[in-house]
Amino acid sequence: MAEAVANVARRINATVEEDLSNCQLISFPDGVFKVLKNVSENIRTITLADNEMKAISSKFFSTFTQLRELDLHGNILTKLPDSVEEMEHLTSINLANNKFSSFPDKLTEIATLERINLEGNCITEIPVEKLSAMPAMKWLNVKLNPLDPDTQSALKSLHKFDVLSTTES
């Protein structure tokens with residue numbers, strides 16, 4: 001773990017984007033919160049892709065309140081904390097190739113969210129009505145999920161935004 005923290009610390013700077021992919025992280029280290037304390041308000045994009053993260057803490061979302069884009073693809077996440085709904089500036093989240101078995105419903109409460117990528121998970125049902133009520137939503141990717149037939153039908157009739165799903169020919 002110490003090596004992973006050191007690797008993350010080496011990659012941190014005071015820009016508006018943090019790429020912490022491929023750092024072999026199993027969680028977001030507390031030491032990194034301390035390092036980023038003075039610059040967290042400036043960070044707009046964080047990439048934590050292709051790590052080994054099983055969970056992401058509420059503290060992550062309360063620290064990076066100005067986040068616009070979050071890339072967590074290629075981890076082993078099964079859920080998000082309820083505090084994700086407090087991300088009032090988030091426009092894009094990439095949760096592809098994780099281990100979600102259900103759609104993270106709290107995402108539907110983020111008014112600014114435009115893009116959700118959940119490709120390659122184990123999701124069978126999608127809250128289509130909640131998604132269609134999202135004011136900024138433009139794009140949803142749920143390809144390579146074992147969607148049930150009712151969900152597949154509901155997604156076909158959804159025309160408010162672009163949907164990529166296993167139902168496409």
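**View 1. Glu85, Lys106 and Glu109 are joined up in a network of salt bridges.** A salt bridge here is a side-chain nitrogen of Lys or Arg within 4 Å of a carboxyl oxygen of Asp or Glu. This is a predicted model, so local features need pLDDT of at least 70 and side-chain atom pairs count only at pLDDT 80 or more, while totals for chains, interfaces and linings use all residues. Residues are numbered from 1 along each chain as its sequence is written, and side-chain values use heavy atoms, with hydrogens and water left out. Buried or exposed, or something in between: what is glutamate 109? Glutamate 109 is partly exposed, at a relative accessible area of 44%, and lysine 106 is partly exposed too, at 25%. (Buried means under 20% relative accessible area, exposed over 50%, and partly exposed in between, using a 1.4 Å probe and protein chains only.) Glutamate 109 sits in the loop between S4 and S5. Valine 84 is 25 residues from glutamate 109 in sequence, yet their C-alpha atoms are 8.9 Å apart in space.

**View 2. Aspartate 105 and lysine 130 make a salt bridge, with their closest N and O atoms 3.6 Å apart.** This one links distant parts of the chain: aspartate 105 belongs to the loop between strand S4 (92-94) and strand S5 (115-117), lysine 130 belongs to helix H4 (residues 128-132), and the two are 25 residues apart. (Helices, H or I with at least four residues, and strands, E with at least two, are DSSP runs numbered from the N terminus.) Aspartate 105 is partly exposed at 35%, and lysine 130 is partly exposed at 42%.

**View 3. Glutamate 114 and lysine 138 meet in another salt bridge, 3.9 Å from N to O.** Why does this pair tie together parts that are 24 residues apart in sequence? Glutamate 114 is in the loop between S4 and S5, whereas lysine 138 is in the loop between H4 and strand S6 (139-141), so the bridge spans that stretch. Glutamate 114 counts as partly exposed, with 26% relative accessibility. How many salt bridges are there by this rule? The count is four.

**View 4. Phe28, Phe60, Phe61 and Phe64 form a cluster linked by ring pairs.** Rings of Phe, Tyr and Trp (its six-membered ring) pair if their centres lie within 6.5 Å; planes under 30 degrees apart count as stacked, over 60 as edge-to-face, and the rest as tilted. The whole structure has four aromatic pairs. One of them joins phenylalanine 28 and phenylalanine 64 edge-to-face, 5.8 Å centre to centre with 85° between the planes. Phenylalanine 28 lies in the loop between strand S1 (17-19) and H2, and phenylalanine 64 in the loop between H3 and strand S3 (69-71), so parts 36 residues apart in sequence get tied together. Phenylalanine 28 is buried at 8%, and phenylalanine 64 is buried at 0%. Phenylalanine 60 and phenylalanine 61 have ring centres 5.3 Å apart and planes at 85°, so they are edge-to-face. Phenylalanine 60 is buried at 0%, and phenylalanine 61 is buried at 3%.

**View 5. The largest nonpolar core has 46 residues.** A nonpolar core is a set of buried Ala, Val, Leu, Ile, Met, Phe, Trp, Tyr and Cys residues joined through side-chain atoms within 4.5 Å. Which members touch the most others? They are Phe28, Leu48, Phe60, Ile116, Ile126 and Leu140. Helix H2 (30-36), helix H3 (58-63) and H4 each give two or more residues, with H2 giving the most, at three. In soluble globular proteins, nonpolar side chains tend to be buried together. Now pick out isoleucine 126: setting aside neighbours within four places in sequence, isoleucine 126 is in contact (heavy atoms within 4.5 Å) with Phe103, Leu131, Leu140, Val142, Leu147, Thr151 and Leu155.

**View 6. Arginine 115 has its charged end over the ring of tryptophan 139, 4.0 Å from the ring's centre.** A charge sits over a ring if NZ of Lys or CZ of Arg is within 6 Å of the ring centre and within 35 degrees of the ring normal. Stepping back to the whole protein, there are five helices and seven strands. Of the 169 residues, 47% are buried.
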